[in-house]
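Please read the following paragraphs with the sequence and the model side by side.

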Amino acid sequence: MSRLPRPRRLAAGLSAAALVCVSLGATTDAHAAGPLMNYVVNTKATPGHVRKTEEAVKDAGGKVLVSYEQLGVVIAQSTNPDFKIDLRSVHNAREVQSVGATRTVAVTEGAGGLSSADETAATPVADPREGEQWDMQQIKADQAHAVTDGSRNVLVGINDSGVDDTHPDLAPNFDAADSVNCVNNGVPDTTPGGWRPTTSIHGTHVAGIVAAARNGIGIVGVAPGVRIASVKVVNDAGFIYPEYSICGIVWAAEHHMAVTNHSYFIDPWEFWCNDNGDQGAVQEAVRRAYAWATDQGTLSVAAAGNSNYDLAHKTTDSGSPDDQATPVTRTIDNGCLDMPTELPGVITVASTTQTRARSGFSNFGLGKIDVAAPGSSVLSTVPGGYAKLSGTSMASPHVTGITALMKSTHPWWGPRDIERALQTEADDTACPTTPDPRCTGTTANNSFYGEGIADALDAVTR
């Protein structure tokens with residue numbers, strides 16, 4: 001997963017009651033106004049408990065931005081500097097299980113509240129720049145396309161910085177009706193075009209790897225026959241706050257997306273620790289959201305990260321919180337999670353080079369990496385053309401595309417079926433011949449490659 005590029009890097013649907021967008025008016029606050037902050041408030045996943053928690057939020061000087069009855073999670077906003085304390089003392093406070101601030105600095109987007117085919121098996125015809133796509137050859141996507149380019153019935157969510165749907169290689173597969181913008185306090189915004197990128201090429205590049213069309217133009221994606229939707233979860237400053245990610249994954253599940261790609265980590269903490277404060281509450285809220293989406297049939301694929309870090313042996317975090325000018329070095333352990341990639345049920349993808357070596361930037365870890373895929377110098381779509389980018393952000397969408405092909409050929413499979421098949425069909429890849437003490441495990445499963453390099457051909461012919 002790359003930190004998104006900033007200047008320095010970067011069968012039935014739910015009822016309308018399942019996702020409740022509530023505006024309770026302006027924040028009421030008997031205290032001197034503090035910074036505008038967003039919070040997750042966790043309660044039991046029932047309509048009654050959520051309703052009472054919403055009342056408690058209001059009584060504590062807050063306003064409800066979004067409530068997820070199916071998760072037992074309320075996203076709240078307040079300028080009350082004592083909001084968390086007051087929430088514990090108001091009427092209905094007993095309904096609150098935990099509460100945590102979603103960031104360490106004031107909300108920048110302002111006060112919340114918005115108004116609001118069949119598979120193809122024909123002989124593939126090469127697009128002009130397909131010969132430059134070494135990555136497709138490494139995962140055998142070029143061979144898999146002789147079996148299928150993917151089904152129009154499969155919808156993939158590009159949970160990222162926005163997708164340029166006007167790009168000629170993406171327009172044929174783009175689904176505007178199911179696209180959304182989640183970066184206004186995590187409240188779904190379906191304003192046409194709101195899901196397009198404003199400051200970043202990242203999401204458009206990811207989208208092309210997944211599903212650039214076979215149309216005689218440019219390149220071809222891993223699954224050029226499926227549909228894609230833009231689920232914008234990255235704001236103009238390059239941050240992905242928890243409420244954005246929760247909004248995006250719930251939206252994806254409610255709109256029947258078979259798989260979603262997450263080439264990011266949730267800010268402002270690279271690792272969210274399971275404590276009794278903000279981080280623990282956020283970790284629980286995000287966990288609930290992704291677990292619920294999996295239960296609805298949506299598989300999540302995520303980038304492992306670009307810190308060259310052993311996720312199986314965490315010791316320190318020196319880059320968080322990243323929304324402040326001066327991060328603080330702190331001691332961490334394995335109870336601190338890189339989200340969403342380390343959440344249960346999420347496919348974690350490491351990065352490889354053209355020579356099948358582990359990319360030097362890629363995170364690793366025995367029992368943490370599921371599979372590996374190309375992520376170094378990958379050609380894909382960007383607004384106005386094409387470019388080569390590197391990162392586990394580029395590795396993850398290769399696997400997302402493979403899972404979309406698997407869903408196309410096995411439409412009855414759920415997330416767990418796809419996960420097992422993906423791991424089984426991956427090409428076993430041994431640790432480097434030059435010993436590297438960080439690479440532990442066996443050829444069949446090790447800390448650098450997990451179960452191996454993902455294999456699109458085996459995935460669709462099993």
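When the whole structure is searched, six aromatic pairs are found, a pair being two rings of Phe, Tyr or Trp (for Trp, its six-membered ring) whose centres lie within 6.5 Å, with planes under 30 degrees apart counted as stacked, over 60 as edge-to-face and the rest as tilted. In one of them the ring centres of Y39 and F83 are 4.6 Å apart and the planes stand at 40°, so this pair is tilted. Because Y39 belongs to strand β2 (residues 37-42) and F83 to helix α2 (residues 83-87), the pair ties together parts that are 44 residues apart in sequence; helices (H or I, at least four residues) and strands (E, at least two) are DSSP runs, numbered from the N terminus. Y39 is buried, with a relative accessible area of 7%, and F83 is buried as well, with a value of 0%, where buried means under 20% relative accessible area, exposed over 50% and partly exposed in between (1.4 Å probe, protein chains only).

The model is a predicted one, in which local features need pLDDT of at least 70 and side-chain atom pairs count only at pLDDT 80 or more, while totals for chains, interfaces and linings use all residues. Residues are numbered from 1 along each chain as its sequence is written, and side-chain values use heavy atoms, with hydrogens and water left out.

Another pair is made by F174 and W195, whose ring centres are 5.0 Å apart with planes at 40°, so this pair is tilted. F174 lies in the loop between β6 (155-160) and β7 (180-181), and W195 in the loop between β7 and α5 (202-211), so the pair ties together parts that are 21 residues apart in sequence. F174 counts as buried at 15% relative accessibility, and W195 counts as buried at 4%.

Rings also gather in a group, for F239, Y241 and Y244 form one aromatic cluster. Over the face of Y241 lies R103, at 3.6 Å from the ring centre; a charge sits over a ring if NZ of Lys or CZ of Arg is within 6 Å of the ring centre and within 35 degrees of the ring normal. Elsewhere, the charged end of R358 is placed over the ring of F448, 4.5 Å from its centre.

Strand β17 (residues 378-382) is mostly covered, since five of its five residues are buried. With strand β18 (residues 385-389) it pairs in the antiparallel sense over five bridges, two strands being paired if DSSP finds at least two bridges between them. Within this pairing, T381 stands opposite Y386 in β18. The hairpin of β17 and β18 has two residues between the strands, and G384 there takes a positive phi near 90°.

The peptide bond from S320 to P321 is cis, with omega near -5°, and P321 has its place in the loop between β12 (316-317) and β13 (330-331). M339 and P340 are also joined by a cis peptide bond, with omega about 10°, and P340 lies in the loop between β14 (336-337) and β15 (347-352). N92, a residue other than glycine, has a positive phi near 75°; N92 is found in the loop between α2 and β5 (98-101) and is buried, with a relative accessible area of 3%. N308 likewise has a positive phi, of about 50°, although it is not a glycine, and this residue, in the loop between β11 (299-303) and β12, is partly exposed, with a relative accessible area of 33%.
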